[in-house]
Each structure stands twice: as C-alpha cells, then as structure tokens.
Amino acid sequence: MNTLNAQRDNRDFAYELKFYIGNEQAGALKDWMRSRLDPDPHGGGSHGDSYQVSSVYFDTSAFDVLAREGSYGRSKYRIRRYDHSDTVYLERKTRGQSHVFKRRSPIGMESLPRLLAAQPSSDWDGHWFHRRLVVRALKAVSRVDYQRIARIGYSHYGPVRLTLDQQLCAWRSRAVSFDANGAGAALSRQRLILELKFGHVMPAVFKELVREFAPRLEGISKYRLACAALGLSPLALASAPPPPVALSAGPAALHALSE
C-alpha cells in the first residue's frame, strides 16, 4: 500500500463550513488562497494542490440516509478514491452539534469485493465498515467525482484546511466500483463548492476570506445533489436543506462563527 496515501488527512475539525462560489469569483479566489495557504502535500498539478476525488455513497432502499431518518441522519458511509490510486478509503462521516468526526480505513482496490459478502469477516481492516453496511442494510447508490484544490495552514487552535471543488459529476452506482458508467450528470454547473475546516475559533485567514468574497453559507451535500440530479429519490428535493443564510462580513457574524 502506498504509505503517502495511507497518511491522507484524517483529522477531526470542530467546524466544517460550506459555501457556493460563482464561476466569476473562482479565479480571484484561487489566487487568494494560493497566496495565503500552503498546498496540500498530496496535491499535484502546476500549483501542487489539486487532485481528483471519487466517492461511492451508500444508502438503504428507502433512502433513509437521504431523508435523515432517525440514526441514519447522523452518519454517512462512503468509499473514497484519490486520482487513480490503488488504495481507497472506507469512511464513516459523523456530524454532531458542531463537531465533524471521520473514521476511515485504507484498503487496496482488490479488497472491494469483500464488501459484497453476506457476512463480514473480522480478519481485515474493512470489517467495521462492512459490518455496518450489513447491519444498516446499506447498498451503493451513487458515485460523485470532482476536481479538488486543497490548501492547508495552522492557527493557534490547530490545523486549518480550505478546499475548492469543481467539475462535479454524478453517476448511478449499483456496485462497489469506480468504473465509469456513461456520461454522468453534471452537478452545480455554475458554481464551485468552497469548504472551510478549522478548530474551535475561526482563524484570521478565513475571516479575511469572508470579508473579501462575502460567500453565502449553505447546507451543501454532494450526495443530495447527486440524488436530485440523477432522479434517484423525490426526497432529494422534498427534504432539501434550509434556505441559505447570508454570511455577513460584519464583526457580529464572524464572532458568532468563532464561538
């Protein structure tokens, strides 16, 4: 297994804020973030900060995860692949009142068929993930691909991370696979998704970003966007996130986010 891949970011952040950025702002934002933050050590490209992300999402036949039904509303299960790596990550992302926790295990691509067995086997690193798929009756539903630009930094309260996702595309996925299935459906065509991750206090660099670009805070879910674009379930529209809230650059709004 590639050691560098196995060490990919696996930190817990107290806050994870998502914004939409219009295409007309994208160029200026990319220049801004590259002038203030360091490139992700796993990135490539001309700036050393970009890579492809592919995620296979799981849900029940009744789309309980999408509907946030009971305990299904707290965690998402997915398999993530970076670029064309032979290593993939089994992930459970759990959101608390403010904190976001992620459990992940790297496995080789050749181990993916083990997730199709009727009974989990305890002799491999994917046992915990497979067991939850079986207990919660989760099956592969969709796959989302996108190009990510990632920059990192540090504050007095720990690491900070900024990502900008573009060229999002979704496919139906009935198998645990990263094979291409047709043209797919474009997501968020006129907008990019900006994500800020930080500890208990919003760092000065992110406050500066909010003042300069005045993005709108949104309840964005790539899985939900994929379900809506692919017509997988009417729940994708019926239980959409609340309307966006304007994030003022004023001190009161920034202080509220810093609490």
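Modeller: Let's start with a term: a polar contact is a pair of N or O atoms within 3.5 Å, where, within protein, one must be able to donate a hydrogen and the other to accept it, and residues adjacent in sequence count only if both atoms are side-chain atoms. This is a predicted model, in which local features need pLDDT of at least 70, side-chain atom pairs count only at pLDDT 80 or more, and totals for chains, interfaces and linings use all residues. Residues are numbered from 1 along each chain as its sequence is written, and side-chain values use heavy atoms, leaving out hydrogens and water.

Now to R81, which is found in strand β4 (strands are DSSP runs of E, at least two residues, and helices runs of H or I, at least four, numbered from the N terminus). R81 is buried, with a relative accessible area of 14%; buried means under 20%, with a 1.4 Å probe and protein chains only. A polar atom of the R81 side chain lies 3.3 Å from the backbone oxygen of H84. Not counting residues up to four places away in sequence, R81 touches Q52, V53, S54, T87, V88, M109 and F178 (contact means heavy atoms within 4.5 Å). The C-alpha atoms of R81 and M109 are 9.3 Å apart, although 28 residues separate them along the chain.

Next, look at I79. Leaving aside neighbours within four places in sequence, its contacts include S54, V88, L112, F129 and F178. In the largest nonpolar core, of 42 residues, I79 is among those that touch the most other members, as are F58 and Y223. Such a core is a set of buried Ala, Val, Leu, Ile, Met, Phe, Trp, Tyr and Cys residues joined through side-chain atoms within 4.5 Å.

Note on methods
Buried < 20%, exposed > 50% of the residue type's maximum accessible area, 1.4 Å probe, protein only.
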